[in-house]
Amino acid sequence: MATNRFGRRELLRAGVGLLFTGAAASAKPGSGSPRDLAPTSASTQSERADVTVRIGIGLIEIAPQRILSTATYNGQFPGPLLRLREGRRITVDIYNDTDTPEQLHWHGQFVPPDVDGAAEERTPYIPAHGMRRISFVPKPSGFRFYHTHVRGGGNLHRGQYTGQVGPIYIEPAHEPGAYDREVFLVLKEFEPFFSQGGDVAQDFLTPATEEKDLMEKGESAMRASLARGMPHGYEVGYRLFTINGKMLGHGEPVRVKQGERVLFHVLNGSATEIRSLALPGHRFRVVALDGNPVPNPQEVPVLWLGTAERVSAIVEMNHPGVWVMGDLGDDDRNRGMGIVVEYAGRNGKPQWVAPPAAGWSYTLFGSDLQTQLKPDEIFEMTFAKDNAADGGFNRWTINGVAFDQKTMPVMFHLKHGKRYRLRMRNASDDIHPVHLHRHTFEVTKYAGKQTSKVKKDVIMVGGYQEAEVDFTADDPGLTLFHCHQLLHMDFGFMALFDYV
Ligand SMILES: [Cu+2]
């Protein structure tokens with residue numbers, strides 16, 4: 001899906017109405033791009049939805065003779081790129097051709113709770129073998145995505161372990177930087193399995209300031225549970241890795257010319273993993289995080305993305321060759337997490353060279369000026385892990401409470417128009433990419449460093465670290481907050497806000 005969709009974009013710009021119907025979607029292996037979908041003709045728009053999404057079990061060919069069966073959108077993975085216009089209302093028909101109820105979440109958009117796609121916010125399910133028509137106004141502009149929001153739990157064929165992930169681009173008034181063309185990349189693993197234990201490397205987060213009291217709390221809880229004979233809780237690993245639904249070397253390369261400036265929109269569509277991405281001999285000029293332009297674009301050798309995070313970065317193609325753009329993890333890259341970047345007139349075996357070591361922090365891209373706005377209220381949140389406490393799975397708590405899926409209690413109350421600060425303290429050794437629905441927040445403090453003007457909807461909180469974000473309560477209704485690591489959100493790591 002990388003490079004060849006400009007015809008469609010031009011069509012859209014020419015005002016040929018919105019996107020497509022699902023009618024042309026097919027389940028044949030490798031049916032992989034929005035080109036397969038015919039735009040809705042103007043004459044039928046009054047009856048037909050602007051966008052049709054069909055959820056169904058499909059076959060996707062991630063490499064020759066490697067065909068997976070998983071739930072997809074419109075029979076393809078990733079789901080079709082939806083190009084929407086900010087502020088222009090659309091209707092969407094969502095058909096669920098599977099045997100289980102579904103939720104389709106519009107990640108990063110300011111939409112009402114009844115269409116947002118989260119049962120915790122009381123969005124109605126799309127019934128099994130049924131459909132739902134919804135309508136909303138796309139906003140804010142930028143790189144967003146859509147994905148399923150049902151629980152996976154102990155079922156690795158449900159929720160975001162499946163192929164229900166697709167990119168969205170909401171056309172902005174102003175592009176974040178000059179570039180020649182853009183390429184969307186969706187990073188996603190397949191064939192998950194459970195294992196016990198195993199730490200996630202997180203030394204890329206800088207500054208690596210661990211809070212002593214958080215570490216003591218987390219380590220004493222772990223010692224106590226291990227002393228009681230509890231094993232480590234289950235973790236998820238994967239056998240297969242893809243970018244845009246293809247294992248490294250099996251998809252179309254990103255074809256570039258020397259001197260071109262390519263804007264990459266990278267989405268971590270994983271259910272559980274944190275991903276990195278490097279292109280040997282090149283640097284990424286990060287211009288937007290989670291689709292929102294940053295105040296201080298910076299060049300970095302490596303991108304890091306927590307689950308559900310997006311990075312938009314411009315690469316100046318000034319190092320001709322045939323390269324592997326891939327994950328820093330050798331195992332994951334060798335099992336598919338990469339894509340070939342090929343300069344015009346060059347050929348040969350794609351080369352990988354490990355990039356120089358570099359830390360990652362949102363504060364790199366922020367303003368040094370402290371935010372002038374003071375919050376009206378501060379919500380303190382401490383994240384903690386009860387090791388293997390829920391049938392062998394780790395149970396996760398916010399302020400000591402694991403979210404109860406039966407009663408779905410509200411933990412925090414908001415008043416319309418007020419500004420709030422979330423002061424998040426992580427008393428576990430895991431990274432948590434936490435997400436706030438239906439709002440954008442501003443990072444104000446990260447691992448001890450003040451910053452401002454970095455606007456996001458997911459933020460990685462490092463092990464035993466602290467982070468603070470501010471947001472304005474400007475989108476009334478139930479609002480879900482959760483860790484986007486599926487194993488964490490499914491086992492307690494959620495909280496609800498309401499407006500009072
Ligand atoms: Cu988490």
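Let's start at the metal. The copper ion is coordinated by three residues at 2.0 to 2.1 Å: His-432 through ND1, Cys-483 through SG, and His-488 through ND1. Keep in mind that this is a predicted model.

Now look at the spacing. Along the sequence, the copper donors follow the pattern H-x50-C-x4-H. Two of them bring distant parts of the chain together: His-432 lies in strand E24, residues 432-436, and Cys-483 lies in strand E29, residues 479-483. They are 51 residues apart.

His-432 has a relative accessible area of 0%, so it is buried. Now the cysteine. Cys-483 also counts as buried, because its relative accessibility is 0%. The cut-off for buried is under 20%.

E24 and E29 run antiparallel, and three bridges join them.

A reminder while we look at strands. In a regular strand, side chains alternate between the two faces of the sheet.

Second stop, another sheet. This one is open too, with four strands in the order E3-E8-E7-E5 and mixed pairing. Which strands are at its edges? They are strand E3, 82-85, and strand E5, 104-107; each pairs on one side only. Ignoring direction, neighbouring strands in this sheet are turned by 25 degrees against each other on average.

Within that sheet, go to E3 and strand E8, residues 165-171. They pair in the parallel sense, over four bridges. For a residue-level check, Arg-83 has Tyr-169 as its bridge partner in E8.

Last stop, strand E10, residues 234-243. How many of its ten residues are buried? Eight are, so E10 is largely enclosed by the rest of the structure. Its partner here is strand E9, residues 181-196. E9 and E10 run antiparallel, and nine bridges join them. One of the pairings to look up: Phe-194 has Val-236 as its bridge partner in E10.

To close, back to the copper. Its donors are His-432, Cys-483 and His-488, and E24 and E29 hold His-432 and Cys-483. Questions, please.

Methods
Residues numbered from 1 in each chain as written. Predicted model: local features only at pLDDT ≥ 70, side-chain atom pairs only at ≥ 80, totals over all residues. Heavy atoms only, no water. Buried < 20%, exposed > 50% of the residue type's maximum accessible area, 1.4 Å probe, protein only. Helix = DSSP H or I, 4+ residues; strand = E, 2+ residues; numbered from the N terminus. Pairing = 2+ DSSP bridges. Donors = N, O, S within 2.8 Å, 3.2 Å for Na, K, Ca; no water. Axes fitted to C-alpha atoms, helices over the stretch in contact; angles between N-to-C directions.
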